[in-house]
Structure formats: structure tokens, C-alpha cells
Amino acid sequence: MQQLLSFILWNPHLEAFHIGSISVRWYGLCWFLGFAVAYIVVRQLYKDQKIKDELFDPLFIYCFIGILVGARLGHCIFYQPGEFLTSFKGIVEMLLPIHFLPEGGWKFIGYAGLASHGGTLGLIIALWLYVRKTKLSIWTVLDNIAIATGSMACFIRLGNLMNSEIIGKVTQVPWAFIFERVDDLPRHPGQLYEAIAYALLFFLSIWLYKHYPKKVGTGFYFGLTLTFIFTFRFFIEYTKEVQEAFEASLPLDMGQILSIPFVIIGVWCMLRAKKKQ
């Protein structure tokens with residue numbers, strides 16, 4: 001018992017507050033706050049670069065749909081294909097935020113599984129569609145979104161922390177969390193590690209933009225963000241429990257495998273930006 005007192009007991013309520021009969025969960029609130037900060041930052045970047053307001057307005061609709069759809073499909077296809085791709089009900093549950101009950105009927109559960117790799121790919125596709133409509137430079141849009149991405153990623157991981165999900169491996173470090181909703185073992189707070197890293201990325205990106213605003217449009221910030229996030233993600237996976245049983249037999253887990261191509265793309269973008277300048 002004395003040993004347990006040296007760790008952080010973690011079991012927050014899933015709901016942040018209620019508005020009448022509607023409950024607002026911490027996870028959804030974190031998503032909202034992440035989008036709100038990113039919205040404010042990118043709007044200011046557009047103003048600094050004298051990009052018309054009417055070109056900014058549809059941007060976050062594209063971003064929201066792209067991230068949500070990509071993250072959901074990424075989780076279902078990469079992590080739980082056996083559950084979602086082998087039956088008609090599974091495909092419906094993959095696309096809609098519902099769960100079919102064994103005794104019949106269904107209930108609304110929200111999107112319980114979202115993968116950051118799929119969300120990143122969905123965002124890139126959404127931005128490609130956005131620039132086709134607005135005729136803006138794809139590199140300008142990617143760089144501006146990348147500058148704000150760290151804040152969004154930080155809040156999403158804080159949401160995972162509040163949900164006690166994507167937990168770390170058992171450890172004896174003094175800052176270990178005991179996720180009481182999961183078990184009574186001290187574990188690495190991998191979600192917190194990532195949240196701190198992504199917050200640092202956000203402030204680094206803002207600092208670099210203030211000193212090197214002309215790098216926007218070269219792909220530098222986009223490349224930096226991909227390289228930073230997925231390099232860190234690759235190594236932080238060593239502190240996490242595998243999310244699905246099949247990953248235990250792989251030399252690298254699925255998060256690491258999916259991170260490698262994003263790191264390669266990020267490095268290529270930064271090299272391209274250097275050549276352009």
C-alpha cells in the first residue's frame with residue numbers, strides 16, 4: 001500500500017459537465033479546445049499573409065471532416081479489421097457512431113476508436129480537396145495548418161489521458177499513473193508524454209514562424225511537423241502497451257510501422273524546402 005502512494009492514482013470522471021440532459025465528455029471537450037486553438041492560430045496566419053477571409057471560412061469544415069473520417073477509418077482498418085471489415089454490421093459501426101446490441105436494436109456510443117495516422121492522412125486528402133476549390137498553394141495551406149497542428153495533437157492526447165486509454169507499459173518510475181479504470185498497476189502515462197511533446201512542437205512552430213515567416217509556402221513547417229510528431233511517436237511506442245493482440249507478434253507495433261512513411265515524407269519536405277530557398 002505504501003508503494004502505491006508513490007504513484008499517481010488516475011480515475012477521472014468521463015464527463016466534464018452537463019448541459020441539461022446532455023453530458024459533455026472530457027474527450028469531446030479536448031477535441032473542441034484543440035480545434036478552437038488551431039482555428040484562432042490559422043485565422044491569424046491567414047490575416048498575416050493577407051489571404052482573403054472567404055478562402056479561410058471553408059477550411060475547418062474540410063479539416064474537421066478529413067480528420068474525423070480518416071482517424072475513424074484508420075483505427076478500424078489498421079487496428080481492428082477483423083471486427084469491422086468482416087460483416088455488414090461491422091461496416092455500419094465503422095461508419096456510424098453506433099453499436100448494435102446482441103439482443104437487437106442499437107445505441108449511440110460515439111466514435112470510440114480514432115487513429116492519429118489515419119487522421120493525418122485524412123487531413124492531407126481534405127486539404128488537397130480544399131486547395132482544388134480555392135486555388136491556393138497546397139504548400140502554403142499545409143504549412144499554415146502544420147504550425148497549428150501541435151496544439152490539436154496535444155489536446156487529443158489529453159483527451160486520451162482523461163479516458164484512461166492508450167495506456168503505457170508497467171513501470172516503477174515515480175511519475176507512473178495507476179489507471180484505476182484499467183487495473184491497479186503503475187504504468188507509463190504515454191498520453192501525457194505525447195501531449196507534452198506536441199505542446200513543445202506548437203510553441204516551437206510559433207517561434208520559428210515569427211522569425212522565419214517566409215518559409216511558409218516551402219513545405220518546411222509541414223515537413224517539420226510530420227518528422228517531429230512521428231519520430232517521437234515511433235519511440236514513445238516502446239513505453240505503450242500494444243493496442244491489439246496481433247501486434248505482439250510483430251517486430252514493430254502498428255503505430256511504429258505507420259509512423260515510418262510519415263517520417264520519410266516529412267524529411268523529404270524539409271529537404272525540398274531547403275532546395276527551394
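**Figure 1. Three strands, β1, β6 and β7, form an open sheet with mixed pairing.** The model shown here and in the following figures is predicted. The strand order is β1-β6-β7. Strands β1 (8-10) and β7 lie at the edges, and each pairs on one side only. Strand β1 is joined to strand β6 (residues 177-179) by 3 bridges, and the two run parallel. Within this pair, isoleucine 8 stands opposite phenylalanine 177 of β6.

**Figure 2. Strands β2 and β3 form a hairpin with 2 residues between the strands.** Strand β2 (residues 15-19) and strand β3 (residues 22-25) run antiparallel and are joined by 4 bridges. Glutamate 15 faces arginine 25 of β3 across the pair, the two residues standing opposite each other. In this hairpin, glycine 20 adopts a positive phi near 65°.

**Figure 3. The chain as a whole comprises 10 helices and 7 strands.** Its radius of gyration is 20 Å, close to the 19 Å that the globule rule gives for 277 residues, so the chain is as compact as a globular protein of that length. The C-alpha trace spans about 60 × 45 × 45 Å along its principal axes. Of the 277 residues in the chain, 49% are buried. Among contacts with a separation of 6 or more, 65% are accounted for by residues 24 or more positions apart.

**Figure 4. The largest nonpolar core contains 48 residues.** The members that touch the most other members are Val42, Tyr46, Leu59, Leu127, Val141, Ile145 and Tyr221. Two or more residues are contributed by each of α1, α3 (59-78), α6 (116-134), α7, α8 (190-211), α9 and α10. Helix α7 supplies the largest share of this core, 11 residues. Valine 141 touches Tyr46, Leu59, Leu127, Tyr130, Val131 and Leu136, when residues up to four places away in sequence are not counted. A second, separate core has 6 residues, including Trp10, Met162, Ile167 and Phe177.

**Figure 5. Aspartate 143 is buried yet has no salt bridge.** This residue belongs to helix α7 (residues 138-162). The nearest side chain of opposite charge is that of arginine 272, 7.3 Å away. A salt bridge requires a side-chain nitrogen of Lys or Arg within 4 Å of a carboxyl oxygen of Asp or Glu. When neighbours within four places in sequence are left aside, aspartate 143 is in contact with Lys215, Val216, Gly217, Thr218, Gly219, Phe220, Tyr221 and Phe222. One of these contacts, Tyr221, is also listed among the core residues that touch the most other members.

**Figure 6. Aspartate 53 and arginine 43 meet in a salt bridge through their side chains.** The N to O distance is 3.8 Å. The pair links distant parts of the chain, with aspartate 53 in helix α2 (residues 53-56) and arginine 43 in helix α1 (residues 26-48), 10 residues apart. Aspartate 53 is partly exposed, its relative accessible area being 41%.

**Figure 7. A salt bridge connects the side chains of glutamate 241 and arginine 187.** The N to O distance is 2.8 Å. Glutamate 241 lies in the loop between α9 (220-236) and α10 (254-276), whereas arginine 187 lies in strand β7 (residues 186-187), so the pair ties together parts that are 54 residues apart in sequence.

**Figure 8. Lysine 240 and glutamate 237 form a salt bridge through their side chains.** The N to O distance is 3.2 Å. Lysine 240 counts as buried, at 2% relative accessibility. Glutamate 237 likewise counts as buried, at 5% relative accessibility. Salt bridges with shared partners join Arg157, Glu194, Arg233, Glu237 and Lys240 into one network. The total count comes to 8 salt bridges.

Note on methods:
Residues numbered from 1 in each chain as written. Predicted model: local features only at pLDDT ≥ 70, side-chain atom pairs only at ≥ 80, totals over all residues. Heavy atoms only, no water. Buried < 20%, exposed > 50% of the residue type's maximum accessible area, 1.4 Å probe, protein only. Lys, Arg positive; Asp, Glu negative; His and termini not counted. Contact = heavy atoms within 4.5 Å. Core = buried A, V, L, I, M, F, W, Y, C linked by side-chain atoms within 4.5 Å. Pairing = 2+ DSSP bridges. Rg over C-alpha atoms; globule rule 2.2 N^0.38 Å.
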